Amino acid sequence: MIDRGEATDSVRPPAAHSPKKPTKPAAKTGRFTSTNGKKAVMAVTGAIMVLFLIGHVLGNLKVFSGAQSFNDYAEFLRTAGEPAVPRRTVLTLVEIVLVLAVGLHMWSAISLARRAAKARPVKYAAKRKNQAGGYATRTMRWGGVIIVLFLIWHLLDLTFGVANPAGSAGLPYDRMVQGFAPERWWVTLFYAVSLVMVGLHLRHGLWSAVQTLGLASGRTRKGLQLAAAAFSLVLVIGFLAVPFAVMIGVVK
Amino acid sequence: MKYTVGEPIQDTKAPEGPVEDRWDKRRFSAKLVNPANKRKLRVIVIGTGLAGGSAAATLGELGYQVTSFCYQDSPRRAHSIAAQGGINAAKNYRGDGDSIYRLFYDTVKGGDFRSRESNVYRLAQVSVNIIDQAVAQGVPFAREYGGLLDTRSFGGAQVSRTFYARGQTGQQLLLGAYQALERQIAAGTVTMHTRHEMLDLVVSDGRARGVIVRDMVTGEIETHLADAVVLASGGYGNVFFLSTNAKGCNTTAIWRAHRRGAYFGNPCYTQIHPTCIPVSGEYQSKLTLMSESLRNDGRVWVPKLKGDSRPASDIPEDERDYYLERIYPSFGNLVPRDIASRAAKNVCDEGRGVGPGGLGVYLDFADAIRRLGRDAVEKKYGNLFEMYERITGENPYDQPMRIYPAVHYTMGGLWVDYDLQSTIPGLFVIGEANFSDHGANRLGASALMQGLADGYFVLPTTVGDYLAGSGSFGEVAQEDVDEAVDQVRGKIQRLLAVQGDRSADSFHRELGKIMWDYCGMERSEESLRKALELIPALREEFWRRVKVTGTNEELNQALERAGRVADFFELAELMCLDALHRTESCGGHFRAESQTEEGEALRDDENFAYVAAWEWNPDGTPVLHKEELEYEYVKMTQRSYK
Amino acid sequence: MSGMNLTLRVWRQKGPDDEGRMATYKVEDVSPDMSFLEMLDVLNDRLIVAGDEPIAFDHDCREGICGMCGMVINGVAHGEQRATTTCQLHMRHFKDGDTITIEPWRASAFPVVKDLVVDRSAFDRIIQAGGFISVPAGSAPDAHSVPVPKDSADAAFDAATCIGCGACVAACPNGSASLFTAAKITHLGLLPQGQPERDSRAKAMVEQMDAEGFGGCTNTGECTVVCPKGISLDAIARMNRDYLSAK
Ligand SMILES: Cc1cc2nc3c(=O)[nH]c(=O)nc-3n(C[C@H](O)[C@H](O)[C@H](O)COP(=O)(O)OP(=O)(O)OC[C@H]3O[C@@H](n4cnc5c(N)ncnc54)[C@H](O)[C@@H]3O)c2cc1C
Ligand code: HEM
Ligand code: HEM
Ligand code: SF4
Ligand code: F3S
Ligand code: FES
């Protein structure tokens, strides 16, 4: 009747949590270094990046109005604010904000993930059934990593041009057209995969940000989740329209 | 089993004078402790239910040093959490004619004239403050659309004075007390020990001065000393094994205090609750109560025909016997618990019971659903219906529920005076653990009221009065501590040493069956004598054959249970003895020999208008001390709910 | 009588310092009307008679209200039955021949004490940090002096039904206690009586939750699904809002 079984993973609890210790002094955490605070940082920086993406996708779609229009737009990005401020001031500011946002977003994501790993060191032996769909935490973290890898490649490719056949000297339009040329189908594929990740990230991230900032409620949650999904889908389609158009030759 | 009769109890310390002034008088005469001294005085509180939790929080707030214990892993889990129906208070928010006096009157009458007028009056007075206190703490009582508190009526009352929080009143009130307690723990006035079980009382120089507890995680036997000890360890209904009480409820704390000299009051008064889910099998570990509030809208019936095995829906209206409405036209389905329970037993004894074994009656909501609509019924009782369905697998919207009486509450407990002090000076007993306010039968929604009255309002005053004299308390003698520790260790060693072949649970189950069959809803000289034969024999077998695995020095649930069962054995005998000596019927104690022609309980006020306070006697013959009961305000009448 | 025959894989761990392992037991003749805990009682009784230590597990009320029971059954806290505590789970939801895996709550803030028993005192300390309204006994005004709109009272009640069982922590992939903490913040924060301490309560409780070593919430939503009282994610949103806007 009784089979005593073998040892599985070691589950010695961390020494600090011995049951004999009744009270622990609360570690000092500030408004933005508590778990809640970090989440808020993630939500706000996420929102900034989303705003950027909206602008970015609209800009990208100018490709369809021709090389001139797209290059003008790229040029505009660099000359915005002139002559009040020198060339690239606005763009640099935007870039600084973006870098900060990515940095802070990653900092909170990583520190929360590490904290979570410490808070739940032992896995269940029974294959865990995710009750709530539960793809979110998995995709958010791995998805985030893929997005970062993508960003690095993307900047090397289209911003600095080092990984682009048109080179750093090429005009933005040429970089795009040559970068997504049909023989470079793997680039397009990589973009497509990454964008799907971005889409998934946003599908959860968008309503999650609203929830994190305490703005969601039972009545709006379902609607929010739908809106987030719809928005992500439109965004992904908008972005992918460009490389696919280039690949199939609609944009040359 | 023999007993002797000792000195009657003369003085209960209740002040003289008009009943409505007595509590004021007592409060005014109570000596006060100055704030600087309070910090030096320590009070131990056993239990964190409504009584213990509120007492510890209040004493801490007042500035005493409090040490608090419970056997669960958190004070929030005390059995009070399970109370469903509500809490009474004489607020008269409805203007339906309620008053302190009426609550007092109803409680004395409901208790079948076996409680003290002074205590009950005070309870009714204080009830009003309890609601204020709970609301201020954030207890989310049910409200009406205007934002004011809602009330409902409950068994045994014709006014609507029961405040409730859906079907979870006990939970919400306990969380209020628990939160107040946690606040004091954070403030450092209360030191909380969870997973600690009190196993003995330290009495030194005639005063209660501390407790011996077992740390249930490490097995360590610890001594805690104090200037006063408060027991709030709840009721002992689990002596029947099957009851509506939580599995851990036990008699250990009060029983061991009894063995150290505290008298035990009215041990045989047990309340059998009429609306529980019937037993479904041999393995059953506890019974689940369906809130009594269901009787407000549900109608109780059985088939008119004996052994009618048709499904409820096939039994036509005119072949149904709505027996409570028939026998008690003015109270109908709302008669007090003891009456409703016995009526159910009677119809089942006649062979008209329904469900497995014929041990059940229907509680039917078809009429209510027709009258109020399914939605309204669902709003009011939805969670209870769900609970019923989860347990039985039957849907009460489609077919009537089956209910049967089950042991629910023990009116008996340690004897206390008006100050809630036991016969051991410095040992106070509150909540269900004492015998005080409900006489031979408790009205629905009055236990929560009593626990909180004791803990928030009465005890803090009377303990203060006692502690004002603490200057004269001596040091606790080491040999008194050592002796108690030895007792505790000795008992644990004995349990571990038996190494028999039966689990403690199996003995408990058997003891419970004896108690239910012979000392349950109906008792007779014959059945009680039978029980008094069977119990000692089973106890002897227990000490020969019980098997306790493991050691003391670890978390050992087998050992915890065995210790509790051992105490239940001793208590069970005293209960049967008490039931045997009280040859009258009163409230929850129904002696077959003493009934009216219609089969109602027949009191014998001539001979039994007293509290039976039993003194432990090491040689096995308990000593009975009688406290005569006098009624100046409520005339003793035969109770009638017809 | 022939009931179901089941195979149980149960986590056994002698104490906090023991490594622990899964052990396998066969339980025969289980009635579908038994509760899950009664099924374990039957096994334990047999173990005791056989001289083996019974499986330690926490339980008390056995009617779904005290919050003491809790085990992860087949990977789901309190089992797959929704809105049900372990003690209220009945064997009629299992089939003859099933293998059932039973594990304790897993979270480092809930260290295992023995077998399926864990230490949840961290919850008490979160309440200590601010989960109350300060009101000394006897100082309260008349209960009708502050009317509370019915919908606030009802919403507060919904949050107040939390039984402190810890299933939310056990289910959360981050080991977060957000749902538990948020339920209390919501209960008290929705009532007029709770307003004076609302800011300090939210801050103190969230920070205590962190100090206990629980993880942060990433809005996975597992907690609310296993919660026997169906506490909603609204509570967490409200906690977030109260925390961020607290002065
Ligand atoms: C299912 C049910 C429903 C009820 N519904 C209602 C209702 O609607 N209205 C009403 O008025 N009453 C109701 N009652 C009765 C009421 O709930 C109880 O009488 C009351 O809650 C008892 O409170 P208490 O504080 O005295 O004890 P409990 O709440 O039982 O607390 C006992 C405490 O003592 C501790 N303890 C016990 N033994 C030891 C020991 N040896 N060592 C250390 N600690 C120990 C426990 O840990 C616990 O903290 C109901 C009872 C039941 C069973
Ligand atoms: C740099 C790599 C990235 C990583 C590692 C990362 C990781 C994460 C993680 C772990 C979350 C938390 C999920 C949650 O709390 O529900 C999150 C949330 C979010 N992310 Fe990212 N992400 C990255 C990039 C991005 C980008 C580029 C965007 C915008 C386009 C973005 C937008 C968001 C938003 C809006 C949220 C929701 C915030 C919240 O839940 O409060 N993220 N991210
Ligand atoms: C198929 C989709 C995309 C295309 C075709 C595209 C195209 C481009 C191009 C052409 C530039 C250079 C603009 C310039 O230098 O003027 C650029 C810059 C950039 N892109 Fe994208 N992009 C895509 C998707 C994304 C995504 C999904 C992200 C973020 C997650 C992103 C982030 C950036 C950033 C941060 C810059 C740099 C902006 C700056 O230098 O200020 N892009 N992109
Ligand atoms: S929120 Fe739900 S799951 Fe969490 S402790 Fe409370 S009742 Fe249990
Ligand atoms: S499962 Fe965990 S991540 Fe948040 S929503 Fe619940 S606490
Ligand atoms: S034992 Fe109380 S909730 Fe399960």
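## The interface of chain C and chain B

Between them, chain C and chain B bury about 6200 Å², and 53% of this area lies on carbon and sulfur atoms. Within the part that chain C buries against chain B, the residues C:E63, C:H144 and C:F157 supply 12% of the area, which is more than any other three residues contribute. The structure described here is a predicted model, and in it 74 residues of chain C are in contact with 76 residues of chain B.

## Polar and charged links across the interface

How many salt bridges are counted between chain C and chain B? The count is six salt bridges, and in a salt bridge the side chains of B:R195 and C:D58 meet at 2.8 Å, taken from N to O. Polar contacts have also been counted across the interface of chain C and chain B, where the rule finds 47 residue pairs, with both residues of a pair at pLDDT 80 or more.

On the side of chain C that touches chain B, several elements of chain C each supply at least two residues, namely the helices α1 (36-49), α2 (121-130), α3 (150-160) and α5 (178-189), together with the strands β6 (112-114) and β7 (117-118). The residues of this side of chain C divide into 38 nonpolar, 17 polar and 19 charged.

## The second largest cavity

The structure holds 18 cavities of 30 Å³ or more, and the second largest cavity contains about 340 Å³ of space. Its lining is made up of 26 residues, and those that lie nearest the centre of the cavity are B:K247, B:G248, B:R561, B:R564 and C:H59.

Two helices of chain B, α15 (504-518) and α17 (557-581), each supply at least two residues of the lining of the second largest cavity. Which element gives the largest share of this lining? That share, six residues, comes from α17(B). By residue type, the lining of the second largest cavity divides into 10 nonpolar, seven polar and nine charged residues.

## Backbone features in a loop of chain A

Most residues other than glycine have a negative phi, and most peptide bonds are trans. Against that background, two places in chain A deserve a look. A cis peptide bond, with omega about 0 degrees, joins A:E82 and A:P83, and A:P83 is placed in the loop between α2 (67-79) and α3 (89-119) of chain A.

The other place is A:R88, which has a positive phi of about 70 degrees although this residue is not a glycine. A:R88 likewise lies in the loop between α2 and α3 of chain A.

How values were computed:
Residues are numbered from 1 along each chain as its sequence is written. Chains are lettered from A and ligands numbered from 1 in the order in which they are written. Side-chain values use heavy atoms; hydrogens and water are left out. Contact means heavy atoms within 4.5 Å. Buried area is the accessible area (1.4 Å probe) that two parts lose on being put together, summed over both. A salt bridge is a side-chain nitrogen of Lys or Arg within 4 Å of a carboxyl oxygen of Asp or Glu. A polar contact is a pair of N or O atoms within 3.5 Å; within protein, one must be able to donate a hydrogen and the other to accept it, and residues adjacent in sequence count only if both atoms are side-chain atoms. Helices (H or I, at least four residues) and strands (E, at least two) are DSSP runs, numbered from the N terminus. Ala, Val, Leu, Ile, Met, Phe, Trp, Tyr, Cys and Pro count as nonpolar, Asp, Glu, Lys and Arg as charged, and the others, Gly among them, as polar. On a 1 Å grid over the protein atoms alone, a cavity is a set of points where a 1.4 Å probe fits but cannot get out, and a pocket is an open set with protein on both sides within 12 Å along at least five of seven lines; lining residues have an atom within 4 Å of a point. Grid points are joined across faces, edges and corners, and a volume is the space filled by probe spheres set on the points.
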